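Work through these exercises on aromatic rings and the charges over them. Each task is followed by a stepwise solution.

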Amino acid sequence: MSFVEKKIENYIATLTINRPDALNAMNDEVVSDLESAVQSCINDERVGVIIITGSGDKAFVAGADIKKMQSMGPEGALAFGKAGQQMTLTIENSPKPVIAAVNGFALGGGCEISMACHIRVASENATFGQPEVLLGILPGWGGTQRLPRLVGSGLANEIITTGRMVKADEAKAIGLVNHVVPQDALMDKCKDIANQILRNGPNAIAQSLDCIRKGVGKSTEEGLAVEVENFSKLFGTEEASEGLTAFVEKRSPKFRK
Ligand code: CAA
């Protein structure tokens, strides 16, 4: 049995992390199940956009499993950290956009999973944070790297060293989330965004994400080199031919079967 439920409908895969008794906290099995579920969506032609959420109405993911980490030594922590980091990289490197539907606490590893997603939408009751220092440890699944990239190092320094909670409205104000909506509107908002994306060419989407990902932290010239290469790659593909021709013929393009 998997800790991640998968539902595919109209090219949208919804992955629900399902360990409600522990507020969806992530042990080895949950990490592995989430990575496998994301990978299976990447390989599945029926999927164009992936939404990740948590079960229940209280938590997205309350972090890595603290009870498991209690007995961990440096070697175990290295393996657990690397497994979690690899899982976040699988999400971040997905050629299909991944949307985090943050439906409650997104703490520690939960905040880190949301930050690996391409787009974050939060419900009004969502709370973000990297409270690891309260436990005498530090964010090990990308928090020290992705938080400063999203909100700037000044705020990331404060959020990580205080370990304080960041409520949804502040998360929106600092650019940590794209939208905040009432909890009962969360999945509809994510599906609206997914449906807008699904009107567009899958290769164009994948190559755009590739440019954005590879450009972060690089000089403009290095980023532009990736951009022009991906731009040229798309020409001559069936998809670009369909999109450009559809415009000229004044009709909607048909990118998916
Ligand atoms: N690991 C394991 N179990 C957890 C958990 C976690 N991260 N978070 C919550 N739980 C469990 C609780 O132990 C509790 O289980 P029991 O009923 O068996 O005691 C159950 O979930 C419900 O939690 P609470 O009773 O604590 O619920 P609450 O509403 O009072 O508080 C909360 C909610 C503020 C989220 C609180 O649970 C909390 O602070 N959780 C820990 C958050 C945290 O520190 N996360 C970071 C983990 S470290 C990390 O993630 C490292 C990394 O970078 C990879």
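**Exercise 1.** Is Phe235 buried, partly exposed or exposed?

*Solution.* Start with the ground rules. The model is predicted, so local features need pLDDT of at least 70, side-chain atom pairs count only at pLDDT 80 or more, and totals for chains, interfaces and linings use all residues. Residues are numbered from 1 along each chain as its sequence is written, and side-chain values use heavy atoms, without hydrogens and water. Next, the cut-offs: buried is under 20% relative accessible area, exposed is over 50%, and partly exposed lies in between (1.4 Å probe, protein chains only). Phe235 has 47% relative accessibility, so Phe235 is partly exposed.

**Exercise 2.** Count the aromatic pairs and classify each.

*Solution.* Rings of Phe, Tyr and Trp (its six-membered ring) pair if their centres lie within 6.5 Å; planes under 30 degrees apart are stacked, over 60 edge-to-face, the rest tilted. The count is two. Phe80 and Trp141 are edge-to-face, at 5.4 Å centre to centre and 70° between the planes. Phe80 sits in helix α3 (residues 74-92), Trp141 in the loop between β8 (127-129) and α5 (143-151), 61 residues apart. Helices (H or I, at least four residues) and strands (E, at least two) are DSSP runs, numbered from the N terminus. Phe80 is buried at 4% relative accessibility. Trp141 is buried at 3%. Phe231 and Phe235 have centres 5.0 Å apart and planes at 65°, so this pair is edge-to-face. Phe231 is exposed at 52%.

**Exercise 3.** Which ring lies under the charged end of Lys68?

*Solution.* The test: NZ of Lys or CZ of Arg within 6 Å of the ring centre and within 35 degrees of the ring normal. The ring is that of Phe80, with the charge 5.0 Å from its centre.
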